[in-house]
Amino acid sequence: MALITTGNGFIRDLEKFGSLGVYVPLEGGYEGRYRRRLRATGYTNLHITARGLGDVAAYLKGVHGVRPPHLGKKSTGSGAAVGEVYYLPPMIDSHLQHLPPKSKGLLLWIIEGHILSDQEVEYLANLPKLEPRVKVVIERGGDRYFRWTSLEKTLLAS
């Protein structure tokens with residue numbers, strides 16, 4: 001990798017494929033540079049972790065229920081009762097509604113993507129086809145240098 005990279009190839013491939021699987025050095029730092037370059041070209045970043053997502057399709061594109069953590073405490077009648085569920089709006093749709101007028105779209109950057117199942121990765125690879133304003137980047141593993149490939153190719157390799 002060059003000492004100072006422009007990220008043009010990364011941006012070009014992201015716009016071409018819609019979703020990318022990236023392999024980042026474990027010491028970190030490189031992914032922030034590429035996210036900053038994408039933000040400079042007009043994308044709004046949404047940075048989430050794959051841990052605890054649950055049903056990916058429901059979390060990103062559907063109304064989904066969330067239970068508050070138990071924390072070992074009994075309910076006193078006020079606040080969240082045991083078994084109470086809060087319903088949250090679709091994450092992708094709510095962020096797309098609030099995009100700036102000149103934005104190119106929404107970039108969904110998912111870290112720790114190696115824990116996702118093949119079915120979840122396949123859904124995320126097809127998400128830009130369902131919603132063209134959404135681009136997806138999933139960190140699929142570690143490597144000695146920052147590299148990327150289309151998300152479908154990482155699905156075939158796993």
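Rings of Phe, Tyr and Trp (its six-membered ring) pair if their centres lie within 6.5 Å; planes under 30 degrees apart count as stacked, over 60 as edge-to-face and the rest as tilted. Keep that in mind.

Now, the model. This is a predicted model, where local features need pLDDT of at least 70, side-chain atom pairs count only at pLDDT 80 or more, and totals for chains, interfaces and linings use all residues. Residues are numbered from 1 along each chain as its sequence is written, and side-chain values use heavy atoms, with hydrogens and water left out.

Rings next. Searching the whole structure gives 7 aromatic pairs. Take Y34 and W148. Their ring centres are 6.0 Å apart and their planes are at 65°, so this pair is edge-to-face. Y34 lies in helix α2 (residues 30-40) and W148 in strand β7 (residues 147-150), so the pair ties together parts 114 residues apart in sequence. Helices (H or I, at least four residues) and strands (E, at least two) are DSSP runs, numbered from the N terminus.

Buried or exposed? Buried means under 20% relative accessible area, exposed over 50%, partly exposed in between (1.4 Å probe, protein chains only). Y34 has 3% relative accessibility, so Y34 counts as buried. W148 has 27%, so W148 counts as partly exposed.

Step back. Ring pairs link F10, Y34, W109, F146 and W148 into a cluster.

Last, charges over rings. That requires NZ of Lys or CZ of Arg within 6 Å of the ring centre and within 35 degrees of the ring normal. The charged end of R33 sits over the ring of Y30, 5.0 Å from its centre. R147 lies over the face of Y23, 4.1 Å from the ring centre.
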